[in-house]
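Open the structure alongside them and look up each residue as it comes.

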Amino acid sequence: MGLTRRQFILGGAAVAGAVVATRALPLFTPARVAGKGLAQADQKEAGHPWAFVCDTTKCIGCGRCVVACKAENRVPPEPHTTRTWVERYVISQNGETFVDSPNSGMNGFSGPANAKYEGLEIKKTFFVPKLCNQCDNPPCVRVCPVAATYMTKEGVILVDQDSCVGCRYCIQACPYGARYMVPPHAEVSPTGQTGVADKCTWCYHRTSRGMAPACVEACPVGARMFGDLRDPSGAVSQVMKDQRVYILKEALGTRPKVYYIGLEEGVR
Amino acid sequence: MRHFIRAAALLGMLVLAFALFRSPPSTNLLAKSGLFQANSAGANALKWASMPVGLVRPSECQSCHVKEFQAWEKSAHSTVSCASCHGPTREHVESGAELVVDASRDFCGLCHAQQVSRPRDFPQVDLTQHGGQAQCVTCHDPRAPKFGPRIPHVLEGRYPCSGCHIPGAKEPYELPDSHIGRTSDICSKCHETE
């Protein structure tokens with residue numbers, strides 16, 4: 001044998017180094033370095049074609065979206081829970097921001113105009129419709145201990161309520177407050193299950209059938225839009241092309257798929 | 001020979017440890033291997049997709065409510081889906097269950113009550129002032145809320161309006177069904193002479 005122990009170890013280390021280098025190379029491809037994400041693999045294959053647009057310059061705060069959503073998806077009325085809601089933003093002259101959403105906005109914001117903010121010098125005020133952002137990098141999916149929540153190939157996050165154990169971790173994890181617990185004794189519930197986490201599905205049952213989500217259907221002013229980005233003439237594609245759109249809490253890196261027109265600084 | 005095997009095993013373990021260290025179970029890997037989804041995710045997505053639809057599109061209302069649809073389609077309310085006011089309409093389409101619409105001032109006020117937060121160009125009224133305390137639908141047709149066409153002729157000697165404008169008559173003599181029973185003094189509240 002012309003091989004010493006030293007030579008063997010050095011040779012072996014070289015081979016191992018080469019193996020590891022080849023193995024590790026894909027970890028540093030530009031796409032991975034630029035934006036790692038949960039759904040990247042899926043995205044490459046099928047793409048996440050669905051997007052949602054909320055136009056805060058059009059929203060009138062009538063709350064018909066909330067009513068429609070609750071009826072369409074059998075969201076428990078008592079105690080009050082909701083999958084979507086409308087917030088009223090009031091920004092004063094000295095820069096204070098007030099947000100309210102009485103009963104999620106489902107009874108509108110009518111009543112004495114502006115009574116709540118009497119005496120306040122208003123610089124700007126508007127309504128912001130809110131719903132699940134169907135993040136491409138969803139914190140709620142990552143934290144689920146029983147893998148009961150997942151992303152479909154269209155990019156929608158769903159909850160498998162047969163698997164959900166009701167630990168509420170996802171409700172804590174969502175930075176947008178888009179999830180809620182179906183009250184344990186609720187008489188109506190989206191799937192008949194109670195004591196489980198529930199969230200907006202972008203009306204998966206409607207959108208899978210080529211219909212608009214219930215809130216989009218019910219919106220009287222077109223402040224909510226839903227569409228397939230693969231359709232270049234679709235309303236959402238046009239908006240994405242022509243308008244400046246913003247997302248909520250961009251710094252968190254959740255990559256939401258609900259885009260806002262006319263979003264003001266201070267909207268969270 | 002034995003010392004070669006030992007060293008080889010040691011190296012092998014080191015390589016394995018390093019490779020594992022270099023590729024932690026990334027979320028991509030988990031997603032690909034299906035670990036991010038419950039075993040039943042595919043079936044579950046189908047379950048969600050097969051939930052019943054409650055709100056129908058206006059196109060489904062058209063076949064029965066021809067007149068209403070035509071009026072609505074041309075009106076300023078054409079952006080407002082039938083279901084927006086009439087609510088979940090599937091049951092009505094399938095079994096003819098009655099649809100009850102709230103005709104109160106407050107219901108119209110959900111959209112049209114004056115609100116500082118609403119876009120300025122959106123039509124808003126002060127509910128405490130506008131039109132006394134009558135129901136909005138007394139004057140406004142919800143499917144054609146803007147006031148009717150102006151009257152292209154003088155009124156002297158032509159009263160009552162219902163003398164010429166009769167339900168079912170040809171344009172321009174037709175009286176819409178919603179107008180039946182209205183007296184001439186009501187007509188002039190909405191229709192001005194040119």
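1. Setting aside neighbours within four places in sequence, Cys85(B) is in contact with Val80(B), Val101(B) and Pro142(B); two residues are in contact if their C-beta atoms, placed from the backbone, lie within 7 Å. Cys85(B) belongs to helix α6 of chain B, residues 82-86. Helices are DSSP runs of H or I with at least four residues, strands are runs of E with at least two, and both are numbered from the N terminus.

2. Before going further, a word on what you are looking at. This is a predicted model, in which local features need pLDDT of at least 70 and side-chain atom pairs count only at pLDDT 80 or more, while totals for chains, interfaces and linings use all residues. Residues are numbered from 1 along each chain as its sequence is written, and chains are lettered from A and ligands numbered from 1 in the order in which they are written.

3. Is Cys85(B) buried or exposed? Cys85(B) is buried because 21 other C-beta atoms lie within 10 Å. A residue is called buried with 20 or more other C-beta atoms within 10 Å of its own, exposed with 12 or fewer, and partly exposed in between, the C-beta atoms being placed from the backbone. From Cys85(B) to Ser63(B) the sequence separation is 22 residues, and the C-alpha atoms are 19 Å apart.

4. How confident is the predictor? pLDDT is its confidence in each residue, from 0 to 100. Chain B averages 83, and 89% of its residues score at least 70. Where pLDDT is low, the predicted coordinates should not be read in detail. For the complex, the predictor gives an ipTM of 0.78 and a pTM of 0.75.

5. Also in chain B, helix α8 (residues 105-112) is largely enclosed by the rest of the structure, because six of its eight residues are buried. Those are Arg105(B), Cys108(B), Gly109(B), Leu110(B), Cys111(B) and His112(B). They pack against α9 (136-139) of chain B.

6. Now to chain A, which has nine helices and eleven strands. Of its 268 residues, 42% are buried. Among contacts in chain A with a separation of 6 or more, 63% link residues 24 or more positions apart.

7. The largest nonpolar core holds 72 residues. Such a core is a set of buried Ala, Val, Leu, Ile, Met, Phe, Trp, Tyr and Cys residues joined through C-beta atoms within 7 Å. Cys65(A), Ala68(A), Leu158(A), Trp202(A), Cys215(A) and Ala218(A) have the most contacts inside it. Neighbours within four places aside, the contacts of Leu158(A) include Thr149(A) and Tyr204(A), and also Asn44(B), Ala45(B) and Trp48(B) from chain B.

8. Helix α4 of chain A, residues 64-73, is mostly covered, with nine of its ten residues buried. Among them are Cys65(A), Ala68(A) and Cys69(A), and also Arg64(A), Lys70(A) and Glu72(A). The cover includes β2, β4, α8 (214-218) and β9 of chain A, together with α6 of chain B. After α4(A) comes Arg74(A), whose phi is positive, near 50°.

9. An open sheet of three strands runs β3-β2-β4 in chain A, with antiparallel pairing. Two strands pair if DSSP finds at least two bridges between them. β3 (97-100) and β4 (122-130) are its edge strands, each pairing on one side only. Four bridges link β2 (residues 85-92) with β3(A). Tyr89(A) stands opposite Val99(A), and Ile91(A) has Thr97(A) as its bridge partner. In the hairpin of β2(A) and β3(A), with four residues between the strands, Gly95(A) takes a positive phi near 90°.

10. A second open sheet in chain A has four strands, in the order β9-β1-β11-β10, with mixed pairing. Here the edges are β9 (224-228) and β10 (245-246). β1 (residues 50-55) and β9(A) run antiparallel and are joined by five bridges; Cys54(A) is partnered by Arg224(A). Helix α9 (residues 235-242) of chain A lies across β1, β9, β10 and β11 (258-261), at about 100° to β9(A). Axes are lines fitted to C-alpha atoms, for helices over the stretch in contact, and angles run from 0 to 180 degrees between N-to-C directions.

Definitions and conventions
pLDDT is the predictor's confidence in each residue, from 0 to 100.
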